[in-house]
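Reader: I have a model open and would like to learn how to read its features. Please take me through a few of them.

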Amino acid sequence: MYRTDSNSGGHSYSRKDFYKINITNGKFLFHYADRTIETEETYLFFGNPHVPYSCEPVSEAFHGYTCLFTEDFLKQVERSESLQQSPLFKLGGTPIFNLNGQQKDSINVLFEKMLAEQQSLYVFKDEVIRNYIGLIIHEALKMQPTESSTKHNNATERITSVFLELLERQFPIESTQQHLQLKTAQDYARHLNVHVNYLNSSVKEVTGKPTTNHIADRVISEAKALLLHTDWNISEIAYALGFEYPTYFNNFFKKKTGMVPKAIRSFNI
């Protein structure tokens, strides 16, 4: 836990080994996975070690607080449903929240209390800090759309939810030795022990998109992240993403994006 200011600079793009929560007063450009997001005057950010990101200061001056911790630090307490649904552990969506004045003041207080606790001699201060992290997570959950806490009340919604969660679990690809295990709708259906037609109809009914589109979109998103932020060659990326030959990957990528993979690195988009 520490204060941040203009002298800290931005953050390099990488898959880090810790979780991060920070509140900053100042405008930034965030490059998160394959997206670029501009913040407003005050924002709250949740960094997940499985998703690479970087940020560039837009404002000349900025300040705030940053809290870094490992998953083991939180594992010392049972992971609740709210924690599982929080921006720390949900890999989809956008983990950046622009704050109004009231939200800024209340969350700043929590960071200040964490900093004071960290510097104290209290023997159970880690437990107190975990509680403050939990309060910040709940403040963020309140800001998320209500759909994030929607309960899945029927079989169609449940199977769709499980499919989307299973899809997200296949990523990120963090090593050239790691290969995508589930590649097709049939693979997911077998894993979920349902007929592929039932999976397809459920996913299409709930999301409006076919199962294959979800899979392809997620593969493209990961491909862009690997192209932009690793030095792996095209063959290594293709193989890691489940393509037997680089040509298959090139054709797939061009069909979905209109560009060849090498162009993504050239234009840095």
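Reader: In which loop does serine 59 lie?

Author: To place a residue, look for the elements on either side of it. Serine 59 sits in the loop that runs between strand E7 (53-57) and strand E8 (63-69). Bear in mind that this is a predicted model.

Reader: Which residues does serine 59 touch, leaving out those up to four places away in sequence?

Author: Gly26 and Lys27. A polar atom of the serine 59 side chain is 2.6 Å from the backbone nitrogen of lysine 27.

Reader: How many helices and strands does the protein chain have?

Author: The chain has eleven helices and nine strands. Of its 269 residues, 43% are buried. Among contacts with a separation of 6 or more, 69% join residues 24 or more positions apart.

Reader: Which members of the largest nonpolar core touch the most other members?

Author: A core is a set of buried nonpolar residues joined through side-chain atoms within 4.5 Å. In the largest one, with 34 residues, they are Phe163, Ile173, Tyr188, Leu199, Val219, Leu241 and Phe249. Two or more residues each come from helices H5 (155-169), H6 (185-192), H7 (196-207), H8 (211-229), H9 (234-240) and H10 (246-257). H8 gives the most, eight residues.

Reader: What does valine 219 touch, again leaving out residues up to four places away in sequence?

Author: Valine 219 touches Phe171, Leu180, Leu241, Phe243 and Phe252. Another core, of 26 residues, lies apart from the largest one and includes Leu44, Tyr65, Leu115 and Ile129.

Terms used
Residues are numbered from 1 along each chain as its sequence is written. This is a predicted model: local features need pLDDT of at least 70, side-chain atom pairs count only at pLDDT 80 or more; totals for chains, interfaces and linings use all residues. Side-chain values use heavy atoms; hydrogens and water are left out. Buried means under 20% relative accessible area, exposed over 50%, partly exposed in between (1.4 Å probe, protein chains only). Helices (H or I, at least four residues) and strands (E, at least two) are DSSP runs, numbered from the N terminus. Contact means heavy atoms within 4.5 Å. A polar contact is a pair of N or O atoms within 3.5 Å; within protein, one must be able to donate a hydrogen and the other to accept it, and residues adjacent in sequence count only if both atoms are side-chain atoms.
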